[in-house]
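These are my notebook entries on a single model. I set down what I looked up, in the order in which I looked.

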Amino acid sequence: MKFEDVFWGTSADPLLGIRTLHDGFQTGLSELKDLHAFLCDRYRAEDAYATRLSDIAKQKGALPDSSSGLLSQIYRSLKQETYSLSRSHRAFAGSLASLASSLADFLRDNERLSNSRTLLIDESAKDFESKKSSLEEVSKEAEAAWKSVLDQNISADGEGGDSDALEEGLMEVVEAEGGVVMTRNEVKAIVEGLKKDVKVQDHKTLLTTHKSCIPSTSLLAHLRPRLNSSAGDIDDAALRAFADSLVAKGFLSPVSPSSHSPGTFDRGQLYRWSEPTPLGGAAMSGGTAGANRERALKVETEARRLARAAEDARGLLEAQCVEYIHALEAAHTARLALAAETLTSFLVAARTNARDAAVAVDRVALFVETFKPEREIRIVAERDRTGNARVPVVVYFPMGGDRVAAAEEVCFGVGVEELVAFEGRRVPELLARGLEAVTSTCAAATAVSSTGSGGAKPPTSELDLWLDSNMHMPRVRALRQELNRNGWARELVRLKSQPPAVIVGLLKLWLVQLPISLCSHEIYEPLKILYLSKSDEFASTRLTSLKSLLSTLSKPHYDSLVTLATYWHNLVAGLERDDTKVAELAATLGTLVLRPRVETQVTAHDRHPARFLRDLLTHHAEIFGVNAVTATRFGPNEDDDEDDTGSGVLDVGWNAGSSASEAVVGEDSLVSAAELRKVVEDEQKGAVDDAVNLDEVDEILAAARSKDGVPDFLS
């Protein structure tokens with residue numbers, strides 16, 4: 001158990017762990033100061049004692065040293081013994097001085113380190129809070145601005161307001177720059193016509209493929225004749241103004257961020273059709289309504305900027321906290337090791353040079369022998385753990401809190417359900433592609449290692465990657481920021497070019513930063529009650545109850561949990577259920593998939609997340625069914641990028657409660673096992689319908705045959 005796993009905070013105080021660790025380390029430094037003071041005092045005493053003994057040994061008696069009397073000989077022997085004792089105590093004092101000097105150096109260096117780090121974290125925390133406060137103020141202003149637009153729309157539709165609509169039915173009159181005037185229904189009719197005329201197409205870039213795009217040139221080419229037929233011949237200014245209003249109204253959404261002003265049409269941009277929001281009701285209206293919407297857009301643009309700035313500040317704060325946690329764990333370990341070494345050296349020196357203290361030394365030695373720094377670190381982590389809650393990720397939800405729309409811009413800090421709804425997939429794409437990338441890169445590394453030189457270091461196993469501390473690697477943080485900044489969906493294809501440790505760390509970080517854990521917090525307390533008993537006597541009853549509880553999860557959460565749990569299950573499938581690595585994996589990853597709604601110092605000591613995950617790993621078939629096979633790529637509702645289909649990984653998906661005959665496989669789409677069997681049999685008979693895409697069938701068959709454990713009819 002490492003400090004970075006347990007010394008975060010609570011939902012109410014995410015930095016509690018940092019303060020607890022800092023205070024604990026200061027207490028540890030105080031203990032070293034006490035030991036240092038003791039050594040210094042003992043040094044002074046031993047040095048003074050040695051000096052006094054030396055003076056005594058040098059004293060001259062009444063008789064000369066050459067006297068041969070027995071008493072004179074005894075006296076000389078006593079002086080020699082005293083001188084020898086003086087030298088021993090002098091040597092002991094020298095050892096004490098050396099030990100005290102080592103402690104002083106450690107205290108000086110680490111006090112400076114500790115104080116400078118805490119000052120830096122305090123400054124970053126204040127900066128984050130300031131930017132977060134500014135974001136909250138501007139977000140409220142944006143909400144009020146959009147509410148004003150909405151209220152004005154309602155007023156215009158229901159009472160006339162600023163609208164020029166005087167006809168029966170209060171149809172909104174839209175006047176764009178250039179003199180195009182038409183009702184809302186006429187605008188909708190033009191949009192519907194454009195949807196039929198303008199062909200959508202997929203646009204490939206170097207990194208990905210944009211689906212269902214509308215080129216701006218094609219849109220303008222079809223828009224001009226429709227406007228000409230409705231409003232007479234129009235000029236370029238009127239055409240551009242009307243296209244601007246289509247974007248501002250919400251009928252068109254840009255595929256990627258534009259350098260143009262929000263709500264304006266960019267001739268070099270790709271667009272997609274979208275549904276206009278109620279907040280955009282006055283987008284094409286002139287006068288006050290248009291001005292209000294323009295103001296709302298400007299305020300929202302500022303809110304987005306502040307959200308990015310606040311998230312950057314949060315990321316910097318978290319990075320500094322991680323570095324300090326690592327530094328404190330290393331310093332704690334070094335402190336305890338130095339204390340153990342100092343005490344051991346003290347006892348050795350005392351036994352050697354202070355024979356008169358041998359009895360006392362032996363008593364202390366019994367305690368020193370049981371003092372193990374590694375054990376003390378584990379005790380600190382277990383006793384003082386504060387929780388796993390981080391500073392929440394800053395995500396701006398645009399246009400009145402549209403949580404799904406936020407998933408278009410960022411993937412960290414957005415919920416599983418929002419990501420699935422935006423992507424049209426069964427599980428979030430980051431999870432699916434990430435697991436596939438880990439598997440393929442680990443397999444490639446193993447293949448390279450097996451053909452390399454015998455002295456090469458073997459790659460870290462896929463299981464050990466999940467046990468290692470890699471969540472807060474600098475490369476992971478950099479990749480996370482790059483994904484969130486540069487259009488994450490377009491960047492996911494690059495995962496396969498990353499080292500496996502970075503991909504695993506990224507997936508861990510994504511799980512930690514989910515606003516609701518993969519196994520939703522609604523069943524956290526019921527699971528806690530379910531695992532109150534530590535006995536396996538009623539394991540079958542517990543598993544039945546567990547299966548029922550999991551069935552209450554939303555489909556995105558359930559499918560994502562099955563995907564991840566199945567992947568982990570396959571990693572430990574070759575181990576015994578009581579293998580220490582199974583327990584270690586469950587303890588390490590349990591809190592990544594199951595967290596309470598509100599994390600406290602009490603929930604920090606809960607054991608049931610680890611026991612819950614261990615059940616998922618060791619009783620996988622009983623909980624999810626025998627047909628749950630690992631899936632590194634789940635077929636989406638739309639085709640995957642062709643650039644990313646070269647791995648030959650078998651797609652396998654399942655629905656909750658499905659039978660084995662309903663297992664599905666496919667390379668770019670989901671195909672039921674029964675359908676695939678029929679295609680294979682027909683192909684063997686030469687009776688495959690011409691309508692079937694044989695290339696796709698061949699790809700599916702090749703992928704299926706390349707995987708172990710496929711149905712017999714594919715062997």
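What volume does the largest cavity have? I found a volume of about 40 Å³ for the largest cavity. The model is predicted, so I kept to its limits: local features need pLDDT of at least 70, side-chain atom pairs count only at pLDDT 80 or more, and totals for chains, interfaces and linings use all residues. Residues are numbered from 1 along each chain as its sequence is written, and side-chain values use heavy atoms, with hydrogens and water left out.

**Entry: cavities**

I worked on a 1 Å grid over the protein atoms alone, where a cavity is a set of points that a 1.4 Å probe fits but cannot leave, and lining residues have an atom within 4 Å of a point. Grid points are joined across faces, edges and corners, and a volume is the space filled by probe spheres set on the points. I counted 2 cavities of 30 Å³ or more. Around the largest cavity I listed Trp 8, Pro 14, Leu 15, Leu 317, Glu 318, Cys 321 and Val 391. I sorted this lining into 6 nonpolar, no polar and 1 charged. In this sorting Ala, Val, Leu, Ile, Met, Phe, Trp, Tyr, Cys and Pro are nonpolar, Asp, Glu, Lys and Arg are charged, and the others, Gly among them, are polar.

**Entry: cysteines**

I looked for disulfides (pairs of cysteine sulfur atoms within 2.5 Å) and found 0. I then checked exposure, where buried means under 20% relative accessible area, exposed over 50%, and partly exposed in between (1.4 Å probe, protein chains only). Cys 321, which I had listed in the lining of the largest cavity, is buried because its relative accessible area is 2%. Cys 411 is also buried, at 0%.

**Entry: second largest pocket**

A pocket is an open set with protein on both sides within 12 Å along at least five of seven lines. For the second largest pocket I noted a volume of about 960 Å³. Of its 45 lining residues, Ala 583, Ala 587, Thr 588, Gly 590 and Ala 610 are the closest to the centre. Helices (H or I, at least four residues) and strands (E, at least two) are DSSP runs, numbered from the N terminus. Helices H1 (3-6), H19 (539-550), H21 (580-593) and H22 (608-618) each supply at least two residues of this lining. H21 gives the largest share, 8 residues. By class I recorded 16 nonpolar, 11 polar and 18 charged residues.

**Entry: helix H20**

Why do I call H20 largely enclosed by the rest of the structure? I do so because 13 of its 17 residues are buried.

**Entry: strands**

I took two strands as paired if DSSP finds at least two bridges between them. Strand E4 (residues 209-215) runs antiparallel to strand E6 (residues 270-273), with 2 bridges; Pro 215 has Leu 270 as its partner in E6. Strand E5 (residues 252-254) is also antiparallel to E6, with 3 bridges, and Leu 252 stands opposite Trp 273.

**Entry: two residues**

I placed Ser 218 in helix H5 (residues 216-231); Ser 218 is partly exposed, at 22%. Its C-alpha atom is 8.4 Å from that of Lys 199, 19 residues apart along the chain. I placed Ala 100 in helix H3 (residues 70-159); Ala 100 is buried, at 6%. The C-alpha atoms of Ala 100 and Cys 40, 60 residues apart along the chain, are separated by 6.4 Å.
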